[in-house]
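Dear colleague,

I am passing on the structure that we discussed, and below it you will find my notes on what was found. Please read them with the coordinates open beside you.

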Amino acid sequence: MPLLKELDEKGLGVVGRDLYRFASELYPICRSITGNGIRSTLNRIQLQIPLEISEVPTGTPVFDWVVPKEWNIRDAYIKAANGERLVDFRKCNLHVLNYSVPVHATMPLSKLRPHLFTIPDKPDWIPYRTSYYREDWGFCLSHNQMLALAEGEYEVCIDSTLEDGHLTYGESYLPGRSRDEVLISCHACHPSLANDNLSGLSVATFLAQFLSGRDLRYSYRFLFIPGTIGAIAWLARNRETAGRIGHGLVLTCIGDDGPFHYKKSRRGNAEIDRAAAYVLAEHSESSQIVEFTPYGYDERQYCSPGFNLPVGCLMRSVWGTFPEYHTSADNLEFIRPPQLAGSLRMCVAILDVLENNRRYRNLSPYCEPQLGRRNLYRTTGGNTIGTDINARLWVLNLSDGEHSLLDIVERSGIPFATIREAADLLSQNGLLSVIPGDGGGREAWHEEKEKCV
Amino acid sequence: MPLLKELDEKGLGVVGRDLYRFASELYPICRSITGNGIRSTLNRIQLQIPLEISEVPTGTPVFDWVVPKEWNIRDAYIKAANGERLVDFRKCNLHVLNYSVPVHATMPLSKLRPHLFTIPDKPDWIPYRTSYYREDWGFCLSHNQMLALAEGEYEVCIDSTLEDGHLTYGESYLPGRSRDEVLISCHACHPSLANDNLSGLSVATFLAQFLSGRDLRYSYRFLFIPGTIGAIAWLARNRETAGRIGHGLVLTCIGDDGPFHYKKSRRGNAEIDRAAAYVLAEHSESSQIVEFTPYGYDERQYCSPGFNLPVGCLMRSVWGTFPEYHTSADNLEFIRPPQLAGSLRMCVAILDVLENNRRYRNLSPYCEPQLGRRNLYRTTGGNTIGTDINARLWVLNLSDGEHSLLDIVERSGIPFATIREAADLLSQNGLLSVIPGDGGGREAWHEEKEKCV
Amino acid sequence: MPLLKELDEKGLGVVGRDLYRFASELYPICRSITGNGIRSTLNRIQLQIPLEISEVPTGTPVFDWVVPKEWNIRDAYIKAANGERLVDFRKCNLHVLNYSVPVHATMPLSKLRPHLFTIPDKPDWIPYRTSYYREDWGFCLSHNQMLALAEGEYEVCIDSTLEDGHLTYGESYLPGRSRDEVLISCHACHPSLANDNLSGLSVATFLAQFLSGRDLRYSYRFLFIPGTIGAIAWLARNRETAGRIGHGLVLTCIGDDGPFHYKKSRRGNAEIDRAAAYVLAEHSESSQIVEFTPYGYDERQYCSPGFNLPVGCLMRSVWGTFPEYHTSADNLEFIRPPQLAGSLRMCVAILDVLENNRRYRNLSPYCEPQLGRRNLYRTTGGNTIGTDINARLWVLNLSDGEHSLLDIVERSGIPFATIREAADLLSQNGLLSVIPGDGGGREAWHEEKEKCV
């Protein structure tokens, strides 16, 4: 049965509620690119799916980078002279400049001010800021909070540690019939941000759970990693085998109610690019396809010229284009259960195409085979034919070993499901055979790969 | 002299009247995919052009198909209790479900009803229906006729035979200077239907007559065949030599007053596709080019993946899109003499391009040759040049052995006739030579062919 | 420093006035395709730039042509019976049909009339006409002048000589680091016409002067030649080395106030075509790119199929499309200093792209290099990045040895200057290296060249 149909039978309402509940559980954790926040997040995911957790020591060289010190934080605040916590990490973990070095001092507002980050345009929202690779400390607060700070002395405390430790990431591998892999990657390093981080992380977890135990054509690799340094570390440790990734998706910002956006891989015409473009157009009129750019999420690393992997990025609202992005307003009200479920469904629909996109050979290529005597045609001549029969004619006509089902879909304008059913029916009737060892485009990919690596 | 000019000198008015008279003679015959109807049709064509008639015995395997039994019919009716023929084959041969097995019985209306076919939307028209490959019997009648049938007993008679015999088709071959062939194919299996069948058949006959006896670059093969099974039978019997077909046209529905439509071959960029696209755009603003689909007329067989022949389909109104299609309203009033003549003219214009589309080599490729001293340029400098001189510059500039005249036409936007005249003039002046053995695109075709067969 | 920046620092106002003064000095000279007019023009240019002047004897065969006799003229007039010069070469050198053979006779108006050229639509303007290759004589005059001629006898005198001599052209060669050449070609054969001839000639002279003495990647060749026969003579004498021309521009009609037009080379996608298209779009919204046609200025010869050099043509108003073209209205009022300076600037901007359009190799191609520790990234995470950082990411991502900076500009939409600065900065930081011996597209060109020659 097609994956999509199976998902739909589970009921998207239930799935959406489960996804949302899962995201809600993870929301309060103060994650960063290292430390106990991401560790406990991965432990929670491990309750859902088998997950191998890796720890990479501080100082490990990973390509041009070095794994940084591990950061942990217990508490942080700005306290008024009267002892009141005016800015309090315990209320919102965004308040601390992520990766702040420890500080405990009393200082006048004038000395504190350079360490304060606000969004003047959105005076009630707290921004999210980081300083991973330059040692610094700071507080993020709402602009109104800052305006309310009177001149005077403040007790400033960030009770953090920045010490040798590890970078932690999680990996879930589902072996399929082929060693060729589909990569699903999401970052797990943002603190209390819902759409940017938790939406992708939740959908990836549930997708792995949904695929788990199935008989699949491809092997699937799910990565839950800190952004940038995590992807770099994983690629450095898996450089030799990364080439097995034949298709990939970075998932991010897929919980809000914006229209779907798919950002193409660097190649621009990889099978994943074409599958995603088809599926988005088929399932949503307002969806949009975005050209590759080298700025973004971890597709930046997968699509670096040395790898040039066919990895795109699935989003709803595009990061950076909505005001809630990287602020406290990207909270649990900004993501909705039906949106999370719809995003999971879109992923499954794309995988359904990849799993079934084969090339076939018409075993009766000289003229049309007589479909009528196989009950694959209309019975009374003179009438027109339906889409199902038309799909059979298209599949027969283009199954010359060169065209994949997706090629046929693109040329005929007939939905993939109908074309696939036609191919199944024709195969059952002995009229088609699958191209041996066909991976639907991998050959082309290997060639391209060799040129670029 | 260009073919088109010769045709125009004959006078399209006369040609149109002759075409229409010919179609009118053939109209009453009850044709089917086998039997005496198609036989007498071919005999009538034989009075116009040399025609080789082939008979393929029932039971002959042709690729995935088998030649069916031969069908013949003498009479058919539904008679009321009072002896009145309420539905009468002698009035209109569409009344019988084509290929009906014999029946003679008296039965109540309730038992007869499942055997009746009507068009509720067009209550005065009789539909055309067939049942070639499933033994059945039936009557086609106007919806009003059916509504007028009272309950009661009816005498039902179809005086037909369905027995071992032959499938008959006709073939006219005009040898040219090259063995490479242009195929003109039309179906000859529809009974009293004028646009769908007789228009193509008449234009093909007159085109063969017009080309006959001329010194032609290509050999021409005209096929008058029963749809589907006829094309399959011909291809099965000519599998080894079918590859000689370098260009082809299926002619159908070219007698009505709709705008021209050309449906591309499976290849989509074959020389015939480009020639037809150019000629239609040049001769008619409202013409349209339609992408290939595997459903349609016999281009389905010619363009099956094992053959992948460069055969397109020329139509005026596209079959299936006009209400008269496959009904009694597709009669002699639906086709008009000027439309038939205009369609013949369009075919001739396309062939004129194919016949003359050569690649040349500029024998003076370094800088422009001095056209002025050959009286091929304007005399006073400082003025602009006309299209004729411009055409000479284009032909010289692109005659590098790679570009055909049609390439030059497409790039320059200058009409083919002007470009061709320029090439002739430059050749006469020793400035160009034809690429030896040039077939204007056949090389590319052969390569493609090898890949696909 | 980029060439364009250096030019801008000179001040376009000053440059424009100098260009205009130079054109004004050359305006009165009666040039033709041979003779003392072009000789003195070249001598004047020689005061600005080093110029090698070549003399090719009459009768020298140059490809399909032969160098014509040399034409010189001292005086010409049509004199009324009362001795008044009604048409006087000394007032305007356009009055004589260029290349007129000598004549001195008295004749009635009826016999004179076939030798008179006017523009009835523009009754006050004098047309420019030539008769280089057919011996003839004639006068060009305003239509009103002609209408004023009463019947009667006229003394007609053209005091010219047409004798064995030479064809003269000038050449300025600036050697660069590579033997590969950029060709700048303009015609120097038109008499008192300002936009058509003097604008291109002046800009070319100042461009050579501006480039002179600089350390340049390419060698530059400036040709000041009589139109058609001069280009043919030069190509005939430099046939073996013409292939060094990797990029070229014909300059003409670039002094009026029309929007820029760039006519592509015959190849259509040569680096010069892409560079010009980019620069025109970047610098002027109203600019237009025109497809190649084989009619025009000397790109006709450079783009003949035997050479197929990548030479385009830069214009403001397209020749032949403005009424002043080839009339006395194409005078010193028709061209303006700011327009001349702007055209020089456009040339420099195009050359700036060619000079700097290299392919690089990312030396850290696996994942992104860590820009932050090299101070090439923003300092605080969470904010968006600027165009300068974005340009670095693009350059790193596409520097796989295949893509030139212009490729990156086209794909990213970021200005060339920004991309180039990013490449410089990354190179200085050891992250990029130039592809050895890279000529930014010449490899592709050489291949193409071999096919065509």
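Between chain A and chain C, the side chains of A:R300 and C:E368 come together in a salt bridge, with 2.5 Å from N to O. Please bear in mind that this is a predicted model, and that the distances below come from that model. In total, four salt bridges are counted between chain A and chain C, and the same interface holds 16 residue pairs in polar contact, with both residues at pLDDT 80 or more. On the side of chain A that touches chain C, at least two residues are supplied by α7 (229–237) and at least two by α9 (299–302). The residues on that side of chain A divide into 15 nonpolar, eight polar and six charged.

As for the extent of this interface, 29 residues of chain A are in contact with 28 residues of chain C, and the area buried between the two chains is about 2500 Å², with carbon and sulfur atoms giving 49% of that area.

Turning to chain B and chain A, the contact draws 27 residues from chain B and 28 residues from chain A, and these two chains bury about 2500 Å² between them, with 49% of it on carbon and sulfur atoms. Of the area that chain B buries against chain A, 27% is supplied by B:D64, B:P294 and B:Y295, which is more than any other three residues supply. B:D64 also takes part in a salt bridge with A:R373, in which the closest N and O atoms are 2.8 Å apart. The count of salt bridges between chain B and chain A is four, and 15 residue pairs are in polar contact there, again with both residues at pLDDT 80 or more. In chain B, α7 (229–237) and α9 (299–302) each contribute at least two residues to the side that touches chain A, and the residues of that side divide into 15 nonpolar, six polar and six charged.

Chain A has 453 residues, of which 65% are buried. Among the contacts in chain A with a separation of 6 or more, 81% are between residues 24 or more positions apart.

Methods: Residues are numbered from 1 along each chain as its sequence is written. Chains are lettered from A and ligands numbered from 1 in the order in which they are written. This is a predicted model: local features need pLDDT of at least 70, side-chain atom pairs count only at pLDDT 80 or more; totals for chains, interfaces and linings use all residues. Side-chain values use heavy atoms; hydrogens and water are left out. Contact means heavy atoms within 4.5 Å. Buried area is the accessible area (1.4 Å probe) that two parts lose on being put together, summed over both. A polar contact is a pair of N or O atoms within 3.5 Å; within protein, one must be able to donate a hydrogen and the other to accept it, and residues adjacent in sequence count only if both atoms are side-chain atoms. Helices (H or I, at least four residues) and strands (E, at least two) are DSSP runs, numbered from the N terminus. Ala, Val, Leu, Ile, Met, Phe, Trp, Tyr, Cys and Pro count as nonpolar, Asp, Glu, Lys and Arg as charged, and the others, Gly among them, as polar. Buried means under 20% relative accessible area, exposed over 50%, partly exposed in between (1.4 Å probe, protein chains only).
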